[in-house]
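Here's a quick briefing for anyone meeting this structure for the first time. Have a look at it, then read on.

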Amino acid sequence: MGLLTIIRKNKAKSREMRVLFLGLDNAGKTTILKKLRSEDISTISPTLGFNISTLVRDGYTLNIWDVGGQKTLRPYWRNYFESTDAVVWVVDSGDRLRMSDCGSELRGLLGEERLAGATLLVFANKQDLFGAMSLEEIRDALDLPSIVSHRWIIRSCSAYTGTGLDEGMDWLVKEVAGRLYWNGLSAGPTPVQPAADAAPARLTADA
Ligand SMILES: Nc1nc2c(ncn2[C@@H]2O[C@H](COP(=O)(O)OP(=O)(O)OP(=O)(O)O)[C@@H](O)[C@H]2O)c(=O)[nH]1
Ligand SMILES: [Mg+2]
């Protein structure tokens with residue numbers, strides 16, 4: 001039995017996924033996670049280290065690492081890369097001034113060898129804000145269509161209203177499950193599609 005098969009079997013048994021929430025500070029990572037867990041979002045402070053939480057979706061347990069995005073903390077992101085199945089990159093759609101920083105940080109991540117196989121979900125958060133950049137503007141500002149190294153999607157959302165969060169996470173779980181469990185070793189939800197058959201880059205319309 002090959003190593004890959006053994007890894008897949010173990011993964012299939014545990015039905016777990018490791019998901020990293022990253023992005024610039026103030027993007028809304030912690031708020032999104034709290035909203036997804038139906039927790040109070042009225043008093044949220046900047047994350048100075050990291051928070052770990054779990055979410056169960058579609059029969060899979062997501063082990064989520066929410067890491068602080070302040071500039072001084074970004075060098076520590078690399079400590080969390082190992083065995084990551086998916087990265088959720090959260091963007092403050094109202095923060096036009098830092099959109100180019102946001103793009104550079106994302107590019108840096110995508111170049112990381114240990115994140116090579118990870119699926120990417122970009123959340124264009126804070127769509128409730130007046131003057132927020134649209135999904136298309138953010139897609140172009142971050143130059144997402146040029147990404148061929150990772151399977152990606154961009155969804156607009158608002159952690160305040162909850163709009164778009166479930167759709168984004170559902171896509172992520174299906175995408176990762178399809179990649180990790182495609183060979184039918186798990187007896188869970190129907191796999192999406194073999195990774196090799198899927199397009200390298202995908203984009204959805206606005207939520
Ligand atoms: N208007 C609006 N504000 C939001 C939304 N999501 C988060 N915020 C606010 O944005 C601020 C930052 O949110 P956090 O969740 O702490 O951001 P973070 O990405 O975890 O930031 P760090 O922990 O510093 O990396 C808070 O004041 C939130 O209330 C949203 O969808 N709409
Ligand atoms: Mg935070």
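Start with the surface: the chain exposes about 10,000 Å², and 53% of that area comes from carbon and sulfur atoms. Keep in mind that this is a predicted model. On the inside, 47% of the chain's 207 residues count as buried.

**How the chain is built**

- You'll find 5 helices and 6 strands in the chain.
- Going along the sequence, they come in the pattern α-β-α-β-β-β-α-β-α-β-α.
- Take the contacts between residues at least 6 apart in sequence: 75% of them join residues at least 24 apart.

**Where ligand 1 sits**

- Ligand 1 sits in the largest pocket.
- It has 20 residues around it, and the closest are T31, T47, G69, D128 and Y160.
- Helix α2, which covers residues 29-36, gives the most to this shell, with 3 residues.

**Polar contacts with ligand 1**

- T47 uses its backbone here: one of its polar backbone atoms is 2.7 Å from an oxygen atom of ligand 1.
- With T30 the side chain is involved, and an N or O atom there is 2.9 Å from an oxygen atom of the ligand.
- For N26 we're back to the backbone, where an N or O atom lies 3.0 Å from an oxygen atom of ligand 1.
- As for how covered the ligand is, ligand 1 taken alone exposes 660 Å², and the protein buries 88% of that.

Technical notes
Residues are numbered from 1 along each chain as its sequence is written. Chains are lettered from A and ligands numbered from 1 in the order in which they are written. This is a predicted model: local features need pLDDT of at least 70, side-chain atom pairs count only at pLDDT 80 or more; totals for chains, interfaces and linings use all residues. Side-chain values use heavy atoms; hydrogens and water are left out. Helices (H or I, at least four residues) and strands (E, at least two) are DSSP runs, numbered from the N terminus. Buried means under 20% relative accessible area, exposed over 50%, partly exposed in between (1.4 Å probe, protein chains only). Contact means heavy atoms within 4.5 Å. Accessible areas come from the Shrake-Rupley method with a 1.4 Å probe; for residues, only the protein chains shown count as cover. A residue is near a molecule or strand if one of its heavy atoms lies within 4 Å of it. A polar contact is a pair of N or O atoms within 3.5 Å; within protein, one must be able to donate a hydrogen and the other to accept it, and residues adjacent in sequence count only if both atoms are side-chain atoms. On a 1 Å grid over the protein atoms alone, a cavity is a set of points where a 1.4 Å probe fits but cannot get out, and a pocket is an open set with protein on both sides within 12 Å along at least five of seven lines; lining residues have an atom within 4 Å of a point. A molecule sits in a cavity or pocket if more than half of its atoms lie within 2 Å of its grid points.
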